[in-house]
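Q: Can you walk me through this one? I'd like the overall picture, then some detail.

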Amino acid sequence: MTLRIAVLGGGNGSFAAAGDMALNGHEVRLWRRDAEAVAAHKAGGGTIAVKDAKGTHEARLALVTTDIAEAVRGADLILCPAPATAQVDIARLLAPVLEDGQVVFLPPGTLGTVLMARALHETGRKPRVAFAETGTLPWLARKHGPHQVAITTRATRLPTGVFPLDAADHALAVIAQAFPGAIEPCGDALSGALMNAGAIIHPPLIIMNAGPLEHFEKWDIHNEGTVPAIRRTTDALDAERIAVREALGYDAPHFPLAHHYAKEGEEWMYGRASHDRLTESGDWREKIMLTKHRYMMEDLRLGLSLIISAAELAGVPTPLARAFSSIGAAIRGDAPDHSGRTLADAGLGGLDRAGIDRVLKHGF
């Protein structure tokens, strides 16, 4: 079935989403806020060149626009691969134009599902909209030009949580048409948020590689930056995430990050040998500004604070998450208060565990 898909954002993930979805035969509208970039894209024909292992393919978009209402009008699926740092602004723009029956998919979400649903609730409008989030961006991708994106690999398993959980059947059925064979239900939105791999893989990689990142012009944190000491630390941090999931009653599979690096055993979200393809591509040899890169602002500042907040609800200690969060705050010059994104920030403040469960299941 051909879907009408609105893709929000202009970064690596959004261009990979728009290009791939168009190549798969869906009607794709791309929205971004940069009016100059949109004008240039339209003037260039409104296409995206998608490079992958099979060559370069031209994907033609149905629309490129700065008007979010125009992009989402009549859309079956709204894909928002934009960084979590942009979710508050996007939620404010999106809430007034959402329509009955639509599905909003955040890959990944950092509990942006609940945040966006709260924004819709606060408008007083009552369209039946389902929000879903998964554990990773469905593409390892980097833009190679203003209208060109290189996709190193595509996700094969996407554990996905839905808000409200009552709407899971509809949401998952729509999303599965865009990602056939990849969507794996994992329960409610908080379960989906606690699958987010970025908050596990990136904090150790950027904090423990701070020296070479600031010394060299470019550095590949996934190649020479991934050494045994960091891998052991990543596994220990991931154990904290899994302990939180278990304490909150979420079942396996928990998608431990160790599977991403393993040569055998259970496949991770990107399947076998994805780490090798990532390092071989050379696309991740880049300059990372520790004070403002999205790994710091999204995965460390927001992602870790959400894990810490969920751990407080579950009564689980998270010493490594707190340590990396505090060191990141010191690098940014912020207070070490783990306040980037809490359960309260997403709209679940003032509720006990039972109250949170009710909202996660039934909505606001």
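What follows is a short chat about the chain, its annotated domains and a few local contacts.

A: Before we start, this is a predicted model, where local features need pLDDT of at least 70, side-chain atom pairs count only at pLDDT 80 or more, and totals for chains, interfaces and linings use all residues. Residues are numbered from 1 along each chain as its sequence is written, and side-chain values use heavy atoms, with hydrogens and water left out.

Q: How many helices and strands in the chain?

A: The chain has 16 helices and 14 strands. Helices (H or I, at least four residues) and strands (E, at least two) are DSSP runs, numbered from the N terminus.

Q: And how compact is the chain?

A: Its radius of gyration is 19 Å, close to the 21 Å from the globule rule for 364 residues, so the chain is as compact as a globular protein of that length. That radius is taken over C-alpha atoms, and the rule is 2.2 Å times the number of residues to the power 0.38. Along the principal axes, the C-alpha atoms fill a box of roughly 50 × 50 × 40 Å.

Q: What share is buried?

A: 58% of the 364 residues. Buried means under 20% relative accessible area, exposed over 50%, partly exposed in between (1.4 Å probe, protein chains only).

Q: Which domains does UniProt list?

A: An unreviewed entry gives "Glycerol-3-phosphate dehydrogenase NAD-dependent N-terminal" for residues 5–104. "Opine dehydrogenase", also from an unreviewed entry, is listed for residues 185–330. Positions use the numbering here, feature names are shortened, and annotations may be inferred rather than shown by experiment.

Q: Switching to helix packing. At what angle do α10 and α14 pack?

A: Helix α10 (residues 228–247) and helix α14 (residues 319–332) pack at about 115°, axes 8 Å apart. That makes α10 roughly perpendicular to α14, a class covering 65 to 115 degrees; under 35 is roughly parallel, over 145 roughly antiparallel, the rest oblique. Axes are lines fitted to C-alpha atoms, for helices over the stretch in contact, and angles run from 0 to 180 degrees between N-to-C directions.

Q: Which residues meet there?

A: Thr233, Ala236, Leu237 and Glu240 in α10 meet Pro319, Leu320, Ala321 and Phe324 in α14. Contact means heavy atoms within 4.5 Å.

Q: Last one: is Thr47 buried or exposed?

A: Thr47 is buried, at 11% relative accessible area. It sits in strand β3 (residues 47–52).
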